[in-house]
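The entries below are in the order I worked.

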Amino acid sequence: LASTYNNLASMLRSLGKDGEAVSFYRQSLAISENLTKTFPYEPEYRQDLATTCNSFANLLRVLNKLDLALELYQRAIAIREKLARDFTAVPEYRKDLAASHTGLGQLLRKQDKPSEAEGSYRKAQSILMALAAEFPTVANYSDSLASSHNNLANLLADRNKAEDAFEQYRQAAKIRERLVAEYPAIPEYKIDLAGVYANSAIKLYEGD
């Protein structure tokens, strides 16, 4: 039932009905919280709770309800950190943890806290670098790592750290070029590569 509410909220978001999605995330959150209290050692329920916290936080960030979004990101991170420690053989827990750090970084950037945002982005990047190195044939991990380089590059460029920013863009491009070469039938990789080129070109132009 919690998953159904969560899916309904996601569907409403995809339809541009963010306001209507809020109530479904709240219902999913309430059920997941009850499940984790009743069955505190069931990892699936903890993971579901973290997923709802993270998804709800993403929505609240868009709606500019930043204090509650911050609280939910922090809850998601706390749950996912423990899952990653307790179940080291499940790499998806680490990937999800990186996603929560990224979301928190985006929130902090929106709150005009660039230094703290950079710290969150770097935590996400560190996790994804380890995953991509451990599982080099899992394209999803490399793709997420490239995104982390791009996110950090954009932030560094805004902070007038041009040299560091372009190094991050180079790393993102390097990974995406490899993904395009290895998976030519996946157009999203080509689009994302073009995005990295565009971002770096825009920042270079603005810097001049």
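**Conventions**

I am working with a predicted model, in which local features need pLDDT of at least 70 and side-chain atom pairs count only at pLDDT 80 or more, while totals for chains, interfaces and linings use all residues. Residues are numbered from 1 along each chain as its sequence is written, and side-chain values use heavy atoms, with hydrogens and water left out.

**Pocket**

I looked up the largest pocket and noted about 320 Å³ of space in it. A pocket here is an open set of points on a 1 Å grid over the protein atoms alone, where a 1.4 Å probe fits, with protein on both sides within 12 Å along at least five of seven lines; lining residues have an atom within 4 Å of a point. Grid points are joined across faces, edges and corners, and the volume is the space filled by probe spheres set on the points.

Which residues lie nearest the centre of the largest pocket? I listed Lys 95, Ala 98, Ala 99, Thr 102 and Ser 144, out of 13 residues in the lining. Helix H5 (91-110) and helix H7 (139-158) each give at least two residues to this lining, and H5 has the largest share, with seven residues. Helices are DSSP runs (H or I, at least four residues), numbered from the N terminus. By type, I noted three nonpolar, eight polar and two charged residues in the lining.

**Salt bridges**

I searched the whole structure and got 13 salt bridges. The criterion is a side-chain nitrogen of Lys or Arg within 4 Å of a carboxyl oxygen of Asp or Glu. For burial I used under 20% relative accessible area as buried, over 50% as exposed, and partly exposed in between (1.4 Å probe, protein chains only).

I started with Arg 13 and Asp 18, whose closest N and O atoms are 3.3 Å apart. Asp 18 counts as buried because its relative accessibility is 17%, while Arg 13, at 26%, is partly exposed.

Next I took Arg 94 and Glu 134, which meet in a salt bridge at 3.0 Å, N to O. This pair links distant parts of the chain, with Arg 94 in helix H5 and Glu 134 in helix H6 (residues 114-134), 40 residues apart. Arg 94 is buried at 18%, and Glu 134 is partly exposed at 45%.

Then I checked Arg 176 and Asp 143, where the closest N and O atoms are 2.6 Å apart. This pair also links distant parts of the chain: Arg 176 is in helix H8 (residues 162-182) and Asp 143 in helix H7, 33 residues apart. Are these two partners buried or exposed? Arg 176 is buried, with a relative accessible area of 4%, and Asp 143 is buried, at 17%. I also noted one network, in which salt bridges that share partners join Glu 118, Arg 122, Arg 159 and Lys 161.

**Surface patch**

I found a nonpolar surface patch of about 270 Å², made by Leu 8, Met 11 and Leu 15. Patches are made of residues with over 30% relative accessible area and no salt bridge; like charges are joined within 9 Å, and nonpolar side chains (Val, Leu, Ile, Met, Phe, Trp, Tyr) within 5 Å. The areas come from the Shrake-Rupley method with a 1.4 Å probe, and for residues only the protein chains shown count as cover. Leu 15 lies in the loop between helix H1 (2-14) and helix H2 (18-38), and counts as exposed at 54% relative accessibility.

**Loops**

I looked at phi for two loop residues. Asn 64 has a positive value near 65° and is not glycine. Asn 64 sits in the loop between helix H3 (43-62) and helix H4 (66-86) and is exposed, at 51%. Asp 112 has phi near 60°, again positive in a residue other than glycine. Asp 112 lies in the loop between H5 and H6 and is exposed, at 64%.

**Distances**

I took two C-alpha to C-alpha distances. Ile 191 and Tyr 45 are 36 Å apart in space and 146 residues apart in sequence. Ile 191 lies in helix H9 (residues 187-207) and is exposed, at 57%. Ser 100 and Tyr 183 are 27 Å apart in space and 83 residues apart in sequence. Ser 100 lies in helix H5 and is buried, with a relative accessible area of 0%.

Note on methods:
Ala, Val, Leu, Ile, Met, Phe, Trp, Tyr, Cys and Pro count as nonpolar, Asp, Glu, Lys and Arg as charged, and the others, Gly among them, as polar.
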